[in-house]
Amino acid sequence: MCEVKPRTVLHKIFQQKDKLIPLTREAFDGKLSSEILFLYGVIYKKALKTMKRVKNLLLLPIAVGFVFIMTGISQAAPYAVLINGGYDTYNNNIAFYNDLSTIYGTLITDYGYLEDNVYVLNSDGLNSANDRNTVTNFHPPPWIYSYDSSPFDLDGNGSNDVDYAATKGDIQTVFSTLATQMTSQDSLFVWTTDHGGSQGGTDTGLWLWESSYITDAAFAVEVNKITNYAYEIFSFQQCYGGGFIDNLTGSNRVLMSAASAYESAWFYVNEYCEYNYEFNNAVSGLGGDVNGDGYVSMLEAYNYVLLNDDFANGTYASPYIEHPQYWDGSGIGDMVTLNGTLDTFDPIPEPGTMILIGSLAAGLFGAAAVRKRQ
Ligand SMILES: [Ca+2]
Ligand SMILES: [Ca+2]
Ligand SMILES: [Ca+2]
Ligand SMILES: [Ca+2]
């Protein structure tokens with residue numbers, strides 16, 4: 001029978017915690033609870049035996065401390081839906097794929113999402129036909145267009161991560177599935193990129209694969225199939241994305257977009273969409289953790305975007321301007337992260353007052369160093 005060294009075991013646990021638990025408490029809660037339960041059981045039993053043997057009462061507070069930790073552990077799971085509509089092979093600039101693979105990696109690596117809980121809908125899905133434009137040769141023009149098929153493995157670990165095509169039918173399938181999967185303990189992160197459209201006013205939409213289109217209202221119908229959730233976070237990159245906000249206001253939701261309902265959003269051709277890029281910088285690696293508490297709340301992420309988005313912080317003049325939007329009617333934006341809530345989070349059952357931050361601007365057109373998104 002081997003000797004028990006409780007302190008060594010404890011040290012191992014905290015090493016594991018540092019390695020596997022990135023940014024949030026819920027990642028810790030959901031991902032490691034089974035391991036901690038097991039190790040706790042080992043420690044508790046061994047500690048009791050050791051105490052009996054060596055009468056070392058110092059172990060008692062350690063055991064009690066773990067009982068305390070266990071009471072805070074829940075089985076909440078984070079889910080995500082990531083959509084790159086693409087429109088068609090010519091318009092599906094590789095920047096959109098770059099954004100998709102980047103945020104996917106952040107969810108898996110930094111926030112501990114399970115691969116099965118991240119639904120990826122990318123342009124033509126698992127079709128090996130060409131679907132994206134890897135345009136090159138910017139300086140000097142003319143740009144050279146070349147095409148390939150989006151890799152299905154977003155994070156380069158050898159396993160395919162794309163699940164569906166970005167079609168209305170597949171969006172319906174995914175939200176119907178989530179409606180049956182999610183519990184009132186779980187969170188959802190919905191992220192979109194690609195070109196957007198407007199029917200006028202705040203009636204807008206997202207272009208999908210093969211020139212198909214989903215309106216803000218139709219998108220909300222799909223999202224609202226999910227009635228069980230702790231909180232939901234939305235991030236819309238496409239032009240006129242702010243037009244989705246009035247359709248999706250609801251309890252314990254935080255909504256963000258690159259642009260208002262009335263303007264274009266912008267991207268760097270062959271690189272990334274600027275809002276997506278800065279949003280990812282905010283939520284990965286604690287980049288946006290302004291108050292230094294070890295978590296990036298959605299309010300912190302939004303404020304980070306406002307400061308760093310080149311098209312929102314004064315780097316460029318009109319028409320290369322976008323006004324990122326933020327809605328937080330339940331007042332939870334400073335308490336929720338992409339995976340997990342802070343101690344002060346207390347779900348509010350009814351939506352509060354709609355708050356739109358950021359001014360509205362008319363859509364303007366043009367292209368120079370950047371290329372307008374349709
Ligand atoms: Ca393809
Ligand atoms: Ca993969
Ligand atoms: Ca709308
Ligand atoms: Ca923080």
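This is a predicted model: local features need pLDDT of at least 70, side-chain atom pairs count only at pLDDT 80 or more; totals for chains, interfaces and linings use all residues.
Let's start with the overall picture. The protein has 374 residues, and 45% of them count as buried. In terms of secondary structure, we have nine helices and 16 strands. And if you take contacts between residues at least 6 apart in sequence, 69% of those join residues that are at least 24 apart.

Now, the sheets. I'll take the six-stranded one to begin with. It's an open sheet, and the strand order reads S2-S1-S5-S9-S10-S13, with mixed pairing. At the edges you find S2, which covers 118–122, and S13, and each of those pairs on one side only. Going from one strand to the next, the twist averages 5°. There's a helix sitting on this sheet too: H5, residues 168–181, packs there and touches S1 (78–84), S2 and S5. Its direction makes about 175° with that of S2.

If you want a pair to click on, Leu-255 has Trp-327 in S13 as its bridge partner.

As a reminder, strands in a sheet pair through backbone hydrogen bonds, and they can do that parallel or antiparallel.

Next sheet. This one has three strands, it's also open, and the order is S6-S7-S8 with antiparallel pairing. Why does one side of S6 and one side of S8 lack a neighbour in the sheet? Well, S6 (196–200) and S8 (213–215) are the edge strands and each has a single partner strand, so one side of each is left open within the sheet. Neighbouring strands here are turned by 30° against each other on average, ignoring direction. And again there's a helix: H6, residues 216–223, packs on the sheet and touches S7 and S8, with its direction at about 80° to that of S8.

Zoom in on S6 and S7. They form a hairpin with two residues between them, and Gly-201 in the turn has a positive phi of about 65°. Four bridges hold S6 to S7 (residues 203–207), running antiparallel.

In soluble globular proteins, nonpolar side chains tend to be buried together. Here, the largest nonpolar core has 86 residues, and the members touching the most others are Ala-80, Leu-82, Leu-121 and Ala-301. Which helix gives the most to this core? That's H4, residues 94–110, with eight residues.

If you leave aside neighbours within four places in sequence, Leu-82 is in contact with Leu-100, Ile-103, Tyr-104, Val-118, Val-120, Leu-121 and Trp-191.

One helix pair to look at: H8 and H9. They pack at an angle of about 130°, and their axes are 9 Å apart. An angle like that makes H8 oblique to H9, and the crossing is right-handed. The residues that meet include Tyr-275 and Phe-279 from H8, and Ala-301 and Tyr-304 from H9.

Most residues other than glycine have a negative phi, and most peptide bonds are trans. So here are some exceptions to that.

Asp-194 has a positive phi of about 115° without being a glycine. You'll find Asp-194 in the loop between S5 (187–193) and S6. Is Asp-194 buried or exposed? It has 30 other C-beta atoms within 10 Å, and the cut-off for buried is 20 or more, so Asp-194 is buried.

Leu-286 also has a positive phi, near 60°, and lies in the loop between H8 (274–283) and H9. Leu-286 has 17 C-beta neighbours inside 10 Å, so it counts as partly exposed.

And then the cis peptide bonds. The bond from Pro-141 to Pro-142 is cis, with omega near 10°, and Pro-142 lies in the loop between S3 (132–133) and S4 (147–148). The bond from Ser-318 to Pro-319 is cis as well, with omega near 10°. Pro-319 is in the loop between H9 (298–308) and S13 (325–327).

That's it from me, thanks!

Technical notes. Residues are numbered from 1 along each chain as its sequence is written. Chains are lettered from A and ligands numbered from 1 in the order in which they are written. Two strands pair if DSSP finds at least two bridges between them. Axes are lines fitted to C-alpha atoms, for helices over the stretch in contact, and angles run from 0 to 180 degrees between N-to-C directions. Two residues are in contact if their C-beta atoms, placed from the backbone, lie within 7 Å. A residue is buried if 20 or more other C-beta atoms lie within 10 Å of its own, exposed if 12 or fewer, and partly exposed in between; C-beta atoms are placed from the backbone. A nonpolar core is a set of buried Ala, Val, Leu, Ile, Met, Phe, Trp, Tyr and Cys residues joined through C-beta atoms within 7 Å. Angles under 35 degrees count as roughly parallel, over 145 as roughly antiparallel, 65 to 115 as roughly perpendicular and the rest as oblique. A crossing is left-handed if the near helix is turned anticlockwise from the far one by less than a right angle, and right-handed if clockwise.
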